[in-house]
Amino acid sequence: MGGVCEERETISGGFSVWGFFFSEHLGVGGVFLSFFFSPGTHVELFDISQLTLNRSYGFANTLVLVTSSYFVARATQSIKSGNGTLCGHWLSGALGLGVLFLALKLMEFHQDFAHGITLSTNLFYMFYLSLTVFHFMHVVMGEVILSVVAYKAYTGRYSAENHAGVETGGSYWHMVDLVWIILFALVYVIH
């Protein structure tokens with residue numbers, strides 16, 4: 001008041017983006033909860049089935065996505081400093097890691113299918129495949145979003161003053177990363 005200008009913090013990506021994230025993951029949250037509580041009636045099945053998963057793939061993919069989120073955070077810092085080219089480089093690194101995630105996941109799916117794991121094998125595998133395929137598709141969507149954002153960064157469409165697109169794309173990517181961390185813990189680690 002009295003002529004003092006207040007600077008207001010805004011949420012990264014905007015409220016509409018976070019509303020989209022919330023609504024999109026309301027449904028998958030139900031599947032997560034179902035998965036979390038299902039072992040209570042199928043403990044042995046879930047324990048035995050979980051042991052057949054390749055934790056090395058799960059762990060490697062966790063490291064890949066966490067590193068890619070770091071790259072996206074650095075891209076956001078770069079554009080806030082007015083460096084669109086560096087922002088594009090960081091985003092390109094994140095995109096490369098996203099492709100690595102998808103390749104590793106496809107190799108894991110191939111291995112699973114070779115061992116006869118399908119949606120109809122048992123309840124654990126139905127949850128495992130449903131959740132990981134759902135996440136896989138979100139990584140693909142994230143790759144498309146980050147590709148557009150990187151292109152715009154390289155072509156000078158973002159600046160220190162105008163970088164909402166970088167924050168929005170970054171927020172989506174971080175959300176995909178967070179979902180994977182939860183998925184990794186639930187599906188690969190927690191008994």
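## How H4 and H6 pack

In this predicted model, helix H4 (residues 84–114) packs against helix H6 (residues 164–189) at an angle of about 30 degrees. The axes of the two helices lie 13 Å apart. An angle under 35 degrees counts as roughly parallel, and H4 and H6 are therefore roughly parallel to each other. Their crossing is left-handed.

Sorted by class, the contact has seven nonpolar residues, one polar residue and two charged residues.

## How H5 and H6 pack

H6 also packs with helix H5 (123–154). Here the angle is about 160 degrees, and the axes are 10 Å apart. Angles over 145 degrees count as roughly antiparallel, so H5 and H6 are roughly antiparallel to each other. The crossing of H5 and H6 is left-handed.

What is the make-up of the contact of H5 with H6 by class? There are 17 nonpolar residues, six polar ones and one charged one.

## The largest nonpolar core

In soluble globular proteins, nonpolar side chains tend to be buried together. In this model, the largest nonpolar core holds 43 residues. Which elements give two or more residues to this core? They are helix H3 (55–80), H4, H5 and H6. H5 supplies the largest share, with twelve residues.

Three members of the core stand out: Leu91, Tyr128 and Val187 touch the most other members. Setting aside neighbours within four places in sequence, Leu91 is in contact with Val72, Ala75, Leu146, Val149 and Ala150.

## The chain as a whole

Stepping back, the protein chain has six helices and zero strands. Read along the sequence, its pattern is α-α-α-α-α-α.

The protein chain has 191 residues, and buried residues make up 41% of them. How much of the contact pattern comes from residues 24 or more positions apart? Among contacts in the protein chain with a separation of 6 or more, such residues account for 81%.

Methods:
Residues are numbered from 1 along each chain as its sequence is written. This is a predicted model: local features need pLDDT of at least 70, side-chain atom pairs count only at pLDDT 80 or more; totals for chains, interfaces and linings use all residues. Side-chain values use heavy atoms; hydrogens and water are left out. Axes are lines fitted to C-alpha atoms, for helices over the stretch in contact, and angles run from 0 to 180 degrees between N-to-C directions. Helices (H or I, at least four residues) and strands (E, at least two) are DSSP runs, numbered from the N terminus. Angles under 35 degrees count as roughly parallel, over 145 as roughly antiparallel, 65 to 115 as roughly perpendicular and the rest as oblique. A crossing is left-handed if the near helix is turned anticlockwise from the far one by less than a right angle, and right-handed if clockwise. Ala, Val, Leu, Ile, Met, Phe, Trp, Tyr, Cys and Pro count as nonpolar, Asp, Glu, Lys and Arg as charged, and the others, Gly among them, as polar. A nonpolar core is a set of buried Ala, Val, Leu, Ile, Met, Phe, Trp, Tyr and Cys residues joined through side-chain atoms within 4.5 Å. Buried means under 20% relative accessible area, exposed over 50%, partly exposed in between (1.4 Å probe, protein chains only). Contact means heavy atoms within 4.5 Å.
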